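This report describes one protein chain for a reader who has its sequence and structure at hand. Please keep both in view while reading.

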Amino acid sequence: PSEINIRDNYIDKNTVDLKNKNNAPQGGGIYARSNFSYISIERNIITNNKVIDKEDETYGGGIYAEALEASEIYINNNSIRQNISETFDKTASGGGIYAIAEDAFPTTSILIYSNDILGNKATSNTSAEGGGINAGSKNKAYISIGNGLFGNSLGNNISENKAESYTDIASGGGIHAFVNMTAFMEISENLQLFIFTKRQAI
């Protein structure tokens, strides 16, 4: 399979702001989409990046990672700080990381480990999910956050992240996780899982 390695970069103050309301902005710092391939995102400093939209969903202020058929994505040893996923009318997802895996494990997986995920935010007038991480697994795919199935990695430091909604639902200041069908996700041995979730009236 093909391979992409994103390593040892300083990724700072980037913005995805789509003016076309028919498209959802994704990946303020990094956008990684894998199909029959391997992607490694490691040893990067990913700070102060943003996805923003007035009329559509937003995904992954720091990193957007999507694993499709027969794919593996590794996100490890990164500093992911002060990134924002922001929208006004719909759902803001994954201030630090938005990760989705959509095929059958063991051929498709996303592993997120040994990262500092600090001070990221998902904010919306309506719904906000996953200030630090918003992760989803579908159709038997596998996602690990921390020291997962293979037991040979370290957890993440997940601290001072925020999911913020002004009128409706906010969930998962640190981690928002979702699965469907027979998908599998493991979240284990993460450190300092401090979360902040807020709903407030305008």
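## Thr123 and its surroundings

Beyond the residues within four places of it in sequence, Thr123 makes contact with Ile84, Ser85, Glu86, Thr87, Ala92, Ala128, Glu164 and Tyr166. The model discussed here is a predicted one. Thr123 belongs to strand E17, which covers residues 121–124. Is Thr123 buried or exposed? Its relative accessible area is 7%, and because buried means under 20%, Thr123 counts as buried. One example of an approach across the sequence is the pair Thr123 and Ser85: they are 38 residues apart along the chain, while their C-alpha atoms are separated by 6.3 Å.

Ile84, one of the residues touched by Thr123, lies in strand E12, residues 84–87. When residues up to four places away in sequence are not counted, Ile84 touches Asn49, Lys50, Val51, Gly61, Gly95, Lys121 and Thr123. Ile84 and Gly96 are separated by 12 residues in sequence and by 6.9 Å in space, from C-alpha to C-alpha.

## The chain as a whole

How many helices and strands does the chain contain? The secondary structure comprises zero helices and 26 strands. The chain has 202 residues, of which 54% count as buried. Its accessible surface comes to about 9000 Å², and carbon and sulfur atoms account for 48% of that area.

Among the contacts in the chain with a separation of 6 or more, 83% are between residues 24 or more positions apart.

Strand E9 covers residues 63–67, and five of its five residues are buried. Which residues lie on each face of E9? Ile63, Ala65 and Ala67 are on one side, Tyr64 and Glu66 are on the other, and both faces are covered.

E9 pairs with strand E4 in the parallel sense, through five bridges. Within this pairing, Ala32 stands opposite Ala65. E9 also pairs with E14, again in parallel and over five bridges. Here the bridge partner of Glu66 is Ile100 in E14. In general, the strands of a sheet pair through backbone hydrogen bonds, either parallel or antiparallel.

## An open sheet of four strands

Another part of the chain holds an open sheet of four strands, in the order E8-E13-E18-E23, with parallel pairing. Strand E8 (58–59) and strand E23 (169–171) stand at its edges; each has a single partner strand, so one side of each has no neighbour in the sheet.

The pairing of E18 with E23 can be followed residue by residue. Strand E18, residues 127–129, is joined to E23 in the parallel sense by three bridges. Glu129 has Ser171 in E23 as its bridge partner.

In soluble globular proteins, nonpolar side chains tend to be buried together. In this model, the largest nonpolar core has 27 residues, and those with the most contacts inside it are Ile63, Ile97 and Ile133. Several strands each supply at least two residues of this core, including E4 (30–34), E9 (63–67), E14 (97–101) and E19 (133–137). Another core, of five residues, lies apart from it and includes Ala92, Ala122, Ala128 and Ala163.

Ile133 illustrates the surroundings of a residue in the largest core. Leaving aside neighbours within four places in sequence, Ile133 is in contact with Ile97, Ile112, Ile117, Ile145, Ile158, Gly174, Ile175 and His176.

## Aromatic pairs

How many aromatic pairs does the whole structure contain? A search finds four. In one of them, the ring centres of Tyr31 and Tyr64 are 5.0 Å apart and the planes are at 0°, so this pair is stacked. The two residues come from distant parts of the chain, with Tyr31 in strand E4 and Tyr64 in strand E9, 33 residues apart. Tyr31 is partly exposed, at 41% relative accessibility, whereas Tyr64 is buried, with a relative accessible area of 5%.

Tyr64 also forms a stacked pair with Tyr98, at 5.5 Å centre to centre and with 10° between the planes. This pair links strand E9, which holds Tyr64, to strand E14, which holds Tyr98; the two residues are 34 residues apart. Both Tyr64 and Tyr98 are buried. Ring pairs join Tyr31, Tyr59, Tyr64 and Tyr98 into a cluster.

Key. Residues are numbered from 1 along each chain as its sequence is written. This is a predicted model: local features need pLDDT of at least 70, side-chain atom pairs count only at pLDDT 80 or more; totals for chains, interfaces and linings use all residues. Side-chain values use heavy atoms; hydrogens and water are left out. Contact means heavy atoms within 4.5 Å. A nonpolar core is a set of buried Ala, Val, Leu, Ile, Met, Phe, Trp, Tyr and Cys residues joined through side-chain atoms within 4.5 Å. Buried means under 20% relative accessible area, exposed over 50%, partly exposed in between (1.4 Å probe, protein chains only). Two strands pair if DSSP finds at least two bridges between them. Accessible areas come from the Shrake-Rupley method with a 1.4 Å probe; for residues, only the protein chains shown count as cover. Rings of Phe, Tyr and Trp (its six-membered ring) pair if their centres lie within 6.5 Å; planes under 30 degrees apart count as stacked, over 60 as edge-to-face and the rest as tilted.
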